[in-house]
Amino acid sequence: RQTLQAISEKDPLINSYITVAEESAMADARLADEKIRKGEAGALTGIPLGLKDLILTRGIRTTCASRMLENFDPPYSGTVAEKLKDAGAVITGKLNLDEFAMGSSSETSWFGPVKNPWNLSHIPGGSSGGSAAAVAAGLCLGSLGTDTGGSIRQPAAHCGVVGLKPSYGRVSRYGVVAFASSLDQVGPMARSVEDCAILLQAIAGHDPKDSTSVNVPVPDYYSLLSKDLKGLTIGLPVEYHGAEGVHPEIRSAIGEAVRVLEASGAKTVEVRLPHMAYAVAAYYVVASSEASTNLARFDGIRYGYRTPEAASLLELYEKSRSEGFGEEVRRRILVGTYALSSGYYDAYYNKALKVRALIAKDFTDAFAGCDLIAAPVTPAPAFALGEVADDPLTMYLADIFTISANLAGIPGMSVPCGFSAKGLPMGLQLLGKPFDEATLLKAAYAYE
Ligand code: GLN
């Protein structure tokens with residue numbers, strides 16, 4: 001009740017929720033009450049959690065922040081939503097995002113932009129901006145987001161919460177609307193590293209319903225947390241720390257964070273990621289190509305928005321898609337369709353895949369000499385609402401430090417590391433070896 005009350009008081013300003021699931025949340029809470037009374041409570045029993053609104057929830061509409069799915073009632077729930085429910089969580093509702101998770105600011109939602117709770121004239125980051133803002137404002141105790149190119153880590157940094165993108169294959173994506181299938185991962189966002197560890201525990205693991213989920217053991221993340229980092233080597237990539245255009249406040253906050261990690265016993269070494277300059281270009285070709293095929297299913301016939309007037313089948317497709325999708329989604333579909341078309345496929349898509357392989361190899365080489373990598377999450381603190389909304393290239397460059405992890409499939413985390421002079425939160429990024437989320441959580445916990 002307290003959480004629902006807080007939502008009704010504060011969310012009209014922040015707009016972090018698309019749908020507040022009052023009735024089903026109260027039903028979840030009653031179930032949790034019963035469990036607690038019977039002495040059967042687990043770590044998440046009765047804990048109010050929100051879900052990014054592209055995770056399917058039976059009984060609660062799932063919109064992807066798009067007009068296309070404004071009234072879509074999914075016939076089944078995603079595995080991650082089921083797992084949280086099974087663990088006793090109370091699902092408070094569905095959180096706002098950039099339309100179909102395409103963006104870095106949460107401004108492209110059909111349901112209006114999300115505001116940064118620390119400063120309402122600034123963006124919360126994106127695309128999981130609602131998931132980050134709701135946690136920061138106390139409108140749920142934790143949430144799930146998705147990260148295709150930074151969408152958990154970047155909004156976590158901008159809102160001063162902890163966010164973790166697991167390794168590709170660690171968490172099931174069954175029942176999560178696909179943006180770019182070779183990059184998407186679901187992950188937790190929370191107020192502390194401990195909470196993040198508990199949430200990851202609840203959602204991680206192999207799922208036979210998702211053929212990309214990997215069957216490897218899930219460690220007990222919580223029990224592995226420790227304040228002692230002796231024996232750990234942290235790599236500092238020259239290309240990230242020396243990058244041009246990094247805001248001085250970010251630079252000094254990251255420098256300070258590295259000193260704190262060293263004081264906890266970690267050793268630091270320089271590492272190189274020589275292909276990082278090509279990451280943004282490669283990502284936007286790969287992600288848009290995959291998006292263009294994934295979004296082909298929204299044809300106005302099977303489900304979703306259908307134009308009220310069309311004289312022919314072709315016109316029905318054209319109008320439904322033009323009216324149902326917003327500008328950024330249409331831009332991605334056009335870029336992707338172009339990159340995949342005959343005659344251009346080798347020049348763009350294949351080339352991007354080759355660059356992707358080089359970026360993955362950069363990380364393999366770097367991790368030969370360190371256990372994890374420390375870097376900024378974003379080049380600058382959150383920008384003002386509307387400041388770059390009309391400038392897609394500048395928006396894309398905001399992902400420069402987060403995108404490589406998705407191309408390589410490795411886990412990444414964002415931990416709050418102070419505030420800018422304007423009072424906006426900043427984030428430290430930790431990147432790990434494939435399936436080594438435990439080391440990330442440990443270092444983050446020691447730092448926090
Ligand atoms: N900002 C990136 C994009 O627009 C990443 C989005 C995401 O991770 N979902 O594609």
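Visitor: What makes Lys52 count as buried?
Guide: Lys52 has 32 C-beta neighbours inside 10 Å, and because the cut-off for a buried residue is 20 or more other C-beta atoms within that distance, Lys52 counts as buried in this predicted model.

Visitor: Where does Lys52 lie, and which residues does Lys52 touch?
Guide: Lys52 lies in strand S2, which covers residues 48-52. Leaving out residues up to four places away in sequence, Lys52 touches Leu95, Leu97, Ser128, Gly130, Ser131, Leu144, Gly145 and Thr146, where a contact requires C-beta atoms within 7 Å of each other.

Visitor: Which residues does UniProt place under the feature "active site", and how do you know that they cluster in space?
Guide: The UniProt record, an unreviewed entry, places that feature at Lys52, Ser127 and Ser151. These positions are spread over 100 residues of sequence, yet the largest C-alpha distance among them is 10.9 Å, and on that basis they are said to cluster in space.

Visitor: Why is Ser151 called buried, and which residues is Ser151 in contact with?
Guide: The count for Ser151 is 35 C-beta neighbours inside 10 Å, and because 20 or more is what the term requires, Ser151 counts as buried. Its place is the loop between strand S4 (142-147) and helix H5 (153-159), and, with neighbours within four places in sequence set aside, Ser151 is in contact with Ala101, Gly126, Ser127, Ser128, Gly145 and Thr146.

Visitor: What makes the peptide bond between Gly126 and Ser127 a cis bond?
Guide: The omega angle of the bond joining Gly126 and Ser127 is about 5 degrees, and the bond is cis. As background, most peptide bonds are trans. Ser127 itself is placed in the loop between S3 and H4.

Visitor: What is the phi of Phe100, and why is Phe100 called buried?
Guide: Phe100 has a positive phi of about 55 degrees although it is not a glycine. Most residues other than glycine have a negative phi. Phe100 lies in the loop between S3 and H4, and because it has 27 other C-beta atoms within 10 Å, where 20 or more are needed, Phe100 is buried.

Visitor: Why is Ser121 called exposed?
Guide: Ser121 has 11 C-beta neighbours inside 10 Å, and because the term exposed applies at 12 or fewer, Ser121 counts as exposed. Ser121 also belongs to the loop between S3 and H4. Ser121 and Ala384 are 263 residues apart in sequence but 5.9 Å apart in space, C-alpha to C-alpha, and the contacts of Ser121 beyond four places in sequence are with Ala384 and Leu385.

Visitor: How do you know that the span of helix H1 is close to the one expected?
Guide: Helix H1, residues 2-14, has 13 residues and reaches 17 Å from its first C-alpha to its last, whereas 18 Å is expected at 1.5 Å a residue. H1 also has a kink of about 40 degrees at Ser8, shortly before the proline Pro12.

Visitor: Which residues of H1 are buried, and what do the buried residues of H1 pack against?
Guide: Thr3, Ile7, Asp11 and Ile14 are buried in H1. In general, residues three or four places apart in an α-helix point the same way, because there are 3.6 residues a turn. The buried residues of H1 pack against strand S1 (17-20), S2, strand S3 (90-95) and helix H4 (129-136), and H1 is followed by Asn15, whose phi is positive, near 65 degrees.

Conventions: Residues are numbered from 1 along each chain as its sequence is written. This is a predicted model: local features need pLDDT of at least 70, side-chain atom pairs count only at pLDDT 80 or more; totals for chains, interfaces and linings use all residues. UniProt positions are given in the numbering used here, feature names are shortened, and annotations may be inferred rather than shown by experiment. Helices (H or I, at least four residues) and strands (E, at least two) are DSSP runs, numbered from the N terminus. Two residues are in contact if their C-beta atoms, placed from the backbone, lie within 7 Å. The expected span of a helix is 1.5 Å times one less than its number of residues. The bend at a residue is the angle between axes fitted to the seven residues ending there and the seven starting there.
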